[in-house]
Amino acid sequence: MAAGGDGGGREAACGHDSYRSPLASRYASPEMCFVFSDRYKFRTWRQLWLWLAEAEQTLGLPITDEQIQEMKSNLDNIDFKMAAEEEKQLRHDVMAHVHTFAHCCPRAAGIIHLGATSCYVGDNTDLIILRNAFDLLLPKLARVISRLADFAKERADLPTLGFTHFQPAQLTTVGKRCCLWIQDLCMDLQNLKRVRDDLRFRGVKGTTGTQASFLQLFEGDDQKVEQLDKMVTEKAGFKRAFIITGQTYTRKIDIEVLSVLAGLGASVHKICTDIRLLASLKELEEPFEKQQIGSSAMPYKRNPMRSERCCSLARHLMTLVMDPLQTASVQWFERTLDDSANRRMCLAEAFLTADTILNTLQNISEGLVVYPRVIERRIRQELPFMATENIIMAMVKAGGNRQDCHERIRVLSHQAAAVVKQEGGDNDLIERIQADAYFSPIHSQLDHLLDPSSFTGRASQQVRRFLEEEVHPLLRPYESVMKVKAELCL
């Protein structure tokens, strides 16, 4: 998947004078970068050649123990410079590495890549990389969910103004709103796990997927070819392989992989947009370090840069799914090579982007700051309007006429709204009601009628039930990694 070539030597030669992907140089974690590195890729190619030779030997082909041992001893002995020079001459990355491996394994040179096609190492390595990349993402996503679950539990009862259309609506709680975020991420966790577990090995299939070369090697023994495929699949740690392939595994797999990552991007974009809006309202803020600068010109600013980064990268992640969609649609017959260059970029970039987003979102979720006084003030500004129906009902119970009460509150509400909108003042509807003798029968009830907790419905109970019944069971397999803190890159 990663581009072939001179690896670290080329990077050292280029230094600061050549473009490097910011995903690798600035954002993504070292472990995710390594999974998509040249070293990991080409080392896996060699491992696949070793597994193939071991299985072929077990099934009776004339491969010696010395050849097997020689290959084992040189798995990490990769001469990247030689491989690059070979590829310049051959214009074929797999054969360049066959020659490079053979150079340090002279006894095994004749049996390396025996019966295989380039996609034996190329596609099978890609599937191993995809599986391992998912294994890095899953616990990171679980940790984000866990941190947000702690946040939601702690603030399950804290009333806050709800918004629909970004207009004031019925109250909810801070914890309940957070559970909206968590629920989306739980769906992403399940989807990522499903696609990861559904990955199948390409296996040992030959040039057009017919296994003809291996059938010839084993002199028409169909059972041995089946055993060979099964043995290499098991060595690679996969439970099953495709029965049907062309030269490549179906590129529909890449669509599934990038679709679930794009879905994760959409979830994170929504969460971080909410955080950015709440930061503007001064109700909630992401972590802000002691020496962090919000603006080069405005020293007072506390920009939500982490959330902005997540949104920025999430947009990129969501668009990457278009690459495999188009690639799968134009794979002619058993294969065409116009998938190769595209896949080198989009698959790696999708995982590095998702990795960066999750590292950043975990950092955000570990340091979210809530400002209850600001939240309370905003509730006081809007709650009187929301409480008018309750006030009318209380007046009717006290013997008042519903229509008369409605008209009086309508007039007072418009007066209070004019103070807010035209004069920039506070909502004084309750003061107007308290000053109106008509409402004297319920003056003593106003504090109770305006208690914010009476407007949040079953939000608190929903939070606790959701965390207990859906979130905590989903996180149980990841408990051993929950204490890891996020390390934010540049």
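Buried means under 20% relative accessible area, exposed over 50%, and partly exposed in between, with a 1.4 Å probe and protein chains only. Keep that cut-off at hand for this tour.

This is a predicted model: local features need pLDDT of at least 70, side-chain atom pairs count only at pLDDT 80 or more, and totals for chains, interfaces and linings use all residues. Residues are numbered from 1 along each chain as its sequence is written, and side-chain values use heavy atoms, with hydrogens and water left out.

**Stop 1: Gln 247.** Select Gln 247. It is buried, with a relative accessible area of 19%. Gln 247 sits in the loop between helix H11 (222-235) and helix H12 (252-280). Helices (H or I, at least four residues) and strands (E, at least two) are DSSP runs, numbered from the N terminus. Now show Arg 335. The side chains of Gln 247 and Arg 335 make a polar contact at 3.4 Å. A polar contact is a pair of N or O atoms within 3.5 Å; within protein, one must be able to donate a hydrogen and the other to accept it, and residues adjacent in sequence count only if both atoms are side-chain atoms.

Which residues does Gln 247 touch, not counting residues up to four places away in sequence? They are Thr 117, Cys 119, Arg 202, Thr 207, Thr 208, Gly 209, Glu 334 and Arg 335. Contact means heavy atoms within 4.5 Å.

**Stop 2: Thr 117.** Move to Thr 117, in the loop between helix H7 (93-104) and helix H8 (118-154). Thr 117 is buried, with a relative accessible area of 9%. Leaving aside neighbours within four places in sequence, Thr 117 contacts Arg 202, Gly 206, Thr 207 and Gln 247. Thr 117 and Ser 213 are 96 residues apart in sequence, and 9.3 Å apart in space, C-alpha to C-alpha.

**Stop 3: two positive phi angles.** Pick Gln 211, in the loop between helix H9 (174-198) and helix H10 (212-217). Its phi is positive, about 65°, although Gln 211 is not a glycine. Is Gln 211 buried or exposed? Gln 211 is buried, with a relative accessible area of 15%. Then pick Arg 91, in the loop between helix H6 (80-90) and H7. Arg 91 is not a glycine either, yet has a positive phi of about 55°. Arg 91 is exposed, at a relative accessible area of 71%.

**Stop 4: helix H4.** Select residues 38-58. H4 has 21 residues and reaches 30 Å from first C-alpha to last, close to the 30 Å expected at 1.5 Å a residue. The expected span is 1.5 Å times one less than the number of residues. In H4, 17 of the 21 residues are buried, so the helix is largely enclosed by the rest of the structure. Gly 60 follows H4, with a positive phi near 110°.

Stop 5: Select strand E1 (residues 159-164) and strand E2 (residues 167-173). They run antiparallel and are joined by six bridges. Two strands pair if DSSP finds at least two bridges between them. Thr 160 stands opposite Thr 172 in E2. Two residues lie between the strands, and His 165 takes a positive phi near 60° in this hairpin.

**Last stop: confidence.** Colour by pLDDT, the predictor's confidence in each residue, from 0 to 100. The protein's mean is 92, and 93% of its residues reach 70 or more. Over residues 2-13 pLDDT stays under 50.
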